[in-house]
Amino acid sequence: MLSADDPLPLRPERVLIAGVSGSGKTTLAGRIGDAWGLQHVEIDALFHGPNWTPRPEFLDDVRAFAAEDRWVTEWQYTSKGTDEILTPRAQLAVWLDYPYRVVRSRLIRRTLARGILQRELWNGNREKGPWNLLNRDPEQNILRWQTKTLRTWEERMPTISERFPHLTIVRLRHPRETEKWLRAQADASGASTAPPKRRSRDR
């Protein structure tokens with residue numbers, strides 16, 4: 001497993017971004033896609049149909065883009081079957097393993113902003129209002145879901161390394177490390193990895 005200081009063994013063409021909710025997977029995926037010329041497929045948009053209903057075509061859509069040569073996406077919905085489709089094809093996984101205080105504060109800000117402003121997310125769906133943070137069901141309350149899944153990647157990564165030895169994994173432990181790593185990739189390639197002027201709240 002590589003750190004922010006380690007050079008990549010190759011320029012990857014298919015990338016997964018792992019991390020708990022609130023770590024910044026989608027924002028980083030977009031930045032990597034822009035820098036390396038990869039198609040960014042936001043996997044939430046494939047999963048959620050109108051009224052937050054799971055789309056029956058989800059896995060077919062995942063198979064379709066996974067078969068392409070160049071992409072970056074968030075490593076999610078593994079319990080729905082994405083692991084067997086995406087992981088064998090991916091060349092690089094970037095694991096955002098940030099401190100709890102970082103991901104918690106990010107997720108609270110994002111959830112409140114979306115709930116108050118009622119921004120459209122995917123397929124007409126909008127975040128439920130702030131009162132939903134009182135819901136005790138992790139399937140309905142994103143903060144409780146974050147708590148429930150906080151150690152998921154820490155538990156899974158050793159097994160993933162064994163099952164998919166072809167996959168290069170970079171573990172980034174703080175947003176500062178992520179910026180350092182992005183700068184190193186830019187220096188190696190000459191491509192800009194600067195953050196967008198208006199950054200959406202991370203997933």
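What share of the 203 residues of the protein count as buried? I began my notes with this, keeping in mind that the model is predicted, and I found that 48% of the 203 residues count as buried.

**Overall layout.** I went through the secondary structure and listed eight helices and five strands, which follow one another along the sequence as β-α-β-α-α-β-α-β-α-α-α-β-α. Looking at contacts with a separation of 6 or more, I noted that 71% of them lie between residues 24 or more positions apart. For the accessible surface I wrote down about 10600 Å², with 49% of it belonging to carbon and sulfur atoms.

**Strand β5.** I then turned to the strand at residues 168-172, where five of the five residues are buried, so β5 is largely enclosed by the rest of the structure. In a regular strand the side chains alternate between the two faces of the sheet. In β5 I found Thr168, Val170 and Leu172 on one side and Ile169 and Arg171 on the other, all of them buried, so that both faces are covered. I also looked up the pairing of β5 with β4 (residues 92-96), and I found that the two run parallel and are joined by five bridges, with Ala93 having Ile169 as its bridge partner in β5.

**His48.** Is His48 buried or exposed? I recorded a relative accessibility of 12% for His48, and because the cut-off for buried is under 20%, His48 counts as buried. His48 sits in the loop between α2 (43-47) and α3 (58-66), and its side chain makes a polar contact of 3.2 Å with that of Tyr77. Setting aside neighbours within four places in sequence, I listed the contacts of His48, among them Thr53, Arg55, Trp122 and Asn125.

**Salt bridges.** I counted 10 salt bridges and looked at some of them one by one. Glu13 and Arg70 meet at 3.3 Å, N to O; Glu13 lies in the segment before β1 (14-19) and Arg70 in the loop between α3 and β3 (71-74), 57 residues apart. Both ends of this pair are partly exposed, Glu13 at 30% and Arg70 at 32%.

The side chains of Glu84 and Arg163 meet at 2.7 Å, N to O, which links helix α4 (residues 83-86) to helix α7 (residues 152-163) across 79 residues. Here I noted that Glu84 is exposed at 51%, while Arg163 is partly exposed at 43%. My last entry is that salt bridges with shared partners join Arg55, Glu57 and Asp61 into one network, in which Arg55 and Glu57 meet at 3.5 Å, N to O.

Key
Residues numbered from 1 in each chain as written. Predicted model: local features only at pLDDT ≥ 70, side-chain atom pairs only at ≥ 80, totals over all residues. Heavy atoms only, no water. Helix = DSSP H or I, 4+ residues; strand = E, 2+ residues; numbered from the N terminus. Buried < 20%, exposed > 50% of the residue type's maximum accessible area, 1.4 Å probe, protein only. Polar contact = N/O pair within 3.5 Å; in protein donor to acceptor, adjacent residues only side chain to side chain. Contact = heavy atoms within 4.5 Å. Areas by Shrake-Rupley, 256 points an atom, 1.4 Å probe, with all protein chains shown as cover. Pairing = 2+ DSSP bridges. Salt bridge = Lys/Arg side-chain N within 4 Å of Asp/Glu carboxyl O.
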